[in-house]
Amino acid sequence: MKKILLNGEWSLAEAGKEPMCPVTVPGTVLSGMLEAKLIDDPFYRTNEDDTRALFWKDYEFDRCFDISEEQLLEDKIILVCEGLDTLADIYINGTKIASTNNMHRTWKLDVKPYVHSGKNDIKIIFESVLKYIDDYKYDEGKEAKFIASGAMKGNQVIRKAHSMFGWDWGPQTIDAGIFRDIYIECYSHPRIDDVIIRQYHGDDVRVNVEAVLTNVTGNNTGEYIIRCSIAESLNRSNRTDADKNDADTAGIAHSEIRNFIYNKSQETYTGNTEFTIENPKLWWPNGYGKQPLYTVTAELLDEAGNVLETITKRIGLRTLTVSTEADRWGNEFAFCVNGLKIFTMGGNYIPEDCLYTRINRKQQEFLLDSCVKAHFNCVRVWGGGYYPSDEFYDMCDERGLIIWQDMMYACNVYDVTDDFAENCRLEAIDNVKRLRHHAALGLWCGNNEIESAWDHWPDFQKETPYLRADYIKLFEDVLPKAVTQTDDQTFYWKSSPSSGGCFDFPDDDTRGDNHYWDVWHGQKPFTDYRKYFFRFCSEFGFQSFPCLKTVESFTEEKDRNIFSRVMENHQKNDSANGKMLFYLSENFRYPEEFGQLLYITQVLQGMAIKYGVDHWRRNRGRCMGTLYWQINDNWPVASWASIDYYNRWKGLHYMARRFYAPLAVSMELDDGNADVWLESECMQDKKYSLELFVKDMSGNVLKKSESEGTVPKLSSSKIYVGDIGEFTDRKYDVFVEAVVTTEDGECLSDVEILVPYKYLELCEPDIRVDVEEHDDHFDIRLTGNGFIPFVEMYFDDADVIFEDNFFHLTGTDTKVIRLYKNEIIRGGFKDADDLGSRLKIRCVR
Ligand code: BMA
């Protein structure tokens with residue numbers, strides 16, 4: 001097979017006009033115009049408005065390409081477009097060959113009749129989606145009134161990422177273009193259309209891997225051979241050096257060849273082969289074991305032994321499903337990996353940039369590494385965005401991040417015409433075929449929040465019942481059929497949240513998953529989390545502002561007030577700035593300056609999410625997972641994200657690194673007692689010793705209790721009840737600290753207070769800082785003078801990931817925070833003195 005790559009330089013024009021600039025494909029209207037400096041940064045101040053206005057026009061992408069005489073002789077000449085956003089008319093040498101209407105699909109178009117040898121022209125005209133949704137003719141009575149928060153009316157009538165039309169964290173930057181690879185394939189031989197891989201795990205010593213090759217079609221004469229093999233994958237980019245050596249010596253463990261003879265007279269062909277892998281190396285999610293991978297290769301050879309086509313699928317040997325077994329609380333909802341039920345810890349993922357062609361490997365690597373650093377074992381790809389690239393899933397396989405994969409539908413009412421349903425069906429098949437073999441794929445989910453919305457969101461109740469029936473048609477018939485027929489190995493869940501479908505109490509907390517938003521949208525206090533014992537909480541969140549450097553990237557000095565027009569433009573959730581101030585007033589004193597206000601919202605965000613996670617981890621068994629809303633941003637904005645658009649970790653991400661740790665300590669104050677809990681996702685029992693202190697604000701120990709024990713693997717238990725009743729009349733002046741030291745020397749701690757932080761009589765903080773430089777890291781030694789809550793270290797002119805941040809100093813002992821040199825992301829340091837002089841520290845007081 002010969003491939004003619006059509007990526008690279010195209011010319012971009014308003015449709016029917018002279019070219020305005022070149023555009024590098026994969027590229028879009030925005031990426032081209034930005035590169036040519038025809039527009040300003042869409043994220044600066046209120047430039048969103050000008051950016052949106054660009055998309056009332058149609059745009060034209062154009063380029064030439066060569067086809068040789070030899071290529072022209074091939075039976076098949078197929079144009080493959082892996083991502084066209086969205087309403088595209090494709091012309092070859094002036095003839096319109098197709099119109100496409102779904103950015104989530106791969107388009108394969110026969111162009112043989114339209115090409116000639118020598119120079120050819122391809123032109124793609126992208127019709128304005130704003131005009132399209134504005135002019136859209138709804139069927140009688142089926143014009144939905146509901147508009148998802150922050151989005152535009154009609155965003156759901158077109159198969160384009162909903163959040164490109166805005167969301168309650170994202171701007172309406174729309175965009176259009178060729179956002180993934182585009183190429184032409186020329187061939188005459190038969191093709192392997194599909195390789196389906198199934199695994200059969202009998203016992204620990206053997207796994208059978210079945211490869212099914214389907215629809216091998218072709219009309220050329222001749223005999224062909226299909227060769228299939230499986231080998232241990234040597235691509236272990238995320239391993240330590242020790243692991244790498246291990247892998248290198250292991251070499252290729254299993255390689256077997258199966259030959260199939262393709263009989264030229266057959267129209268299509270389906271063949272399968274099975275490999276037995278002795279002593280399989282099982283794939284585990286992050287925190288539970290390693291992530292060995294195997295590669296299945298299918299090759300098509302001609303009689304002379306020339307390889308005509310190679311298809312590889314990298315897999316992990318594991319069983320991975322969701323257990324919904326009945327138990328004493330109802331039905332559990334737990335990821336079950338190799339027979340082990342795990343407590344899922346992670347967050348929700350949205351597209352990493354409004355300009356999809358800017359989402360690259362490096363950025364995704366940073367994000368997914370950040371998830372691993374915070375001990376995630378799962379990422380939910382949320383349904384209002386897009387299906388990420390193959391590389392994204394490869395990286396999740398390598399890192400042990402289970403993927404909860406929504407289909408791309410969220411918070412919307414769909415008019416499911418026959419054409420729309422067919423478009424959705426084909427989109428599902430395309431993506432399921434592309435992704436189903438991934439080790440990390442944990443479940444398919446039909447949509448985000450739509451079953452729940454039809455069940456009880458007030459605005460949905462005003463819509464016509466015909467549209468409610470359409471929900472059932474699309475999400476309980478068309479999509480589940482398309483997905484399960486294409487992938488019979490992966491768990492399918494109809495909606496999130498759901499109890500299993502059919503509007504059967506989708507928010508029931510005795511079964512299925514839940515989204516919980518009363519803390520935040522409902523302005524309930526953090527303590528409200530403790531009222532709920534969800535089986536799996538797949539969404540809950542709390543907003544914060546990004547840090548000052550990020551705010552500076554989109555503001556002028558005069559905008560730096562949270563109620564300015566520019567700051568409010570970068571806040572897409574109605575009245576959310578007020579909500580942050582409300583929670584601030586409940587917990588902290590009023591900050592004196594803008595940067596402090598941004599900081600304290602990050603503290604609040606971390607406190608809120610920790611409150612929920614600690615509670616649900618304590619109830620391990622009843623609850624089996626938490627995915628907070630949301631991991632990342634697609635532009636610089638106030639949002640629920642724990643990592644901002646510029647990859648800066650907010651306080652929440654550091655706190656997640658502690659509260660999602662395999663072994664975590666947490667406390668609950670209750671009726672004069674301090675209950676201390678240990679939550680374990682460790683694969684071994686661990687001996688520990690506990691010290692429980694009551695201290696005054698200067699860090700003097702007023703009371704100390706000690707205990708020790710063993711925390712069983714994969715468990716959660718209350719390890720101590722400390723009596724603190726005697727301190728109720730000193731409540732403004734004391735705090736409680738639990739310090740757990742494990743048999744392997746790991747030290748964990750948690751702090752609780754008896755009154756809101758705003759009422760504490762915190763002393764004037766005095767922190768001594770010493771910095772030491774070592775080969776691959778700096779050690780930052782902080783010595784305080786008492787209780788100094790939520791210490792944040794930062795630089796105005798550098799970005800780094802500290803080993804820990806937003807922590808408490810609780811006395812006069814020295815705390816050492818490591819900064820690895822490979823975690824300095826922007827702006828380096830000459831030496832320890834340089835680092836020390838540029839380091840800035842903030843704390844609550
Ligand atoms: C949930 C999500 C998103 C939204 C978030 C915050 O509903 O599914 O739609 O951004 O809450 O409101």
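This is a predicted model: local features need pLDDT of at least 70, side-chain atom pairs count only at pLDDT 80 or more; totals for chains, interfaces and linings use all residues.

Visitor: What about D168, how far is its side chain from a ligand oxygen?
Guide: An N or O atom in the D168 side chain sits 2.5 Å from an oxygen atom of the ligand. The side chain of E539 also has an N or O atom by a ligand oxygen, at 2.8 Å. For H521 the corresponding distance is 2.9 Å.

Visitor: And how much of the ligand's accessible area does the protein cover?
Guide: The protein covers 94% of it, where the ligand on its own has 300 Å².

Visitor: What joins S496 and P497?
Guide: A cis peptide bond, with omega at about 5°. You'll find P497 in the loop that lies between β30 (491–493) and β31 (514–515).

Visitor: While we're on backbone angles, what is phi of N338, positive or negative?
Guide: Positive, near 50°, and N338 is not a glycine. N338 is in the loop between β24 (334–337) and β25 (340–341).

Visitor: Okay, switching to sheets. In what order do β43, β45 and β48 come in their open sheet?
Guide: The order is β45-β43-β48, with antiparallel pairing.

Visitor: Why is one side of β45 and of β48 left without a neighbour in that sheet?
Guide: β45 (807–811) and β48 (840–842) are at the edges and each has a single partner strand, so one side of each has no neighbour in the sheet. From one strand to the next, the twist averages 40°.

Visitor: How many bridges join β43 to β48?
Guide: Three, and the two strands run antiparallel, with β43 spanning residues 786–794. If you want a pair to click on, E792 stands opposite R842 in β48.

Visitor: Which helix lies across β43 and β48?
Guide: That's α14, residues 594–618, which runs at about 110° to β43.

Visitor: There's another open sheet with β4 in it. What's the strand order there?
Guide: It goes β4-β12-β7, three strands with antiparallel pairing. The edge strands are β4 (27–28) and β7 (84–85), and each of them pairs on one side only.

Visitor: How many bridges join β7 to β12?
Guide: Two, with β12 covering residues 177–178 and the strands running antiparallel. Look for D85, which stands opposite G177 in β12.

How values were computed: Residues are numbered from 1 along each chain as its sequence is written. Side-chain values use heavy atoms; hydrogens and water are left out. Two strands pair if DSSP finds at least two bridges between them. Helices (H or I, at least four residues) and strands (E, at least two) are DSSP runs, numbered from the N terminus. Axes are lines fitted to C-alpha atoms, for helices over the stretch in contact, and angles run from 0 to 180 degrees between N-to-C directions. Contact means heavy atoms within 4.5 Å. A polar contact is a pair of N or O atoms within 3.5 Å; within protein, one must be able to donate a hydrogen and the other to accept it, and residues adjacent in sequence count only if both atoms are side-chain atoms. Accessible areas come from the Shrake-Rupley method with a 1.4 Å probe; for residues, only the protein chains shown count as cover.
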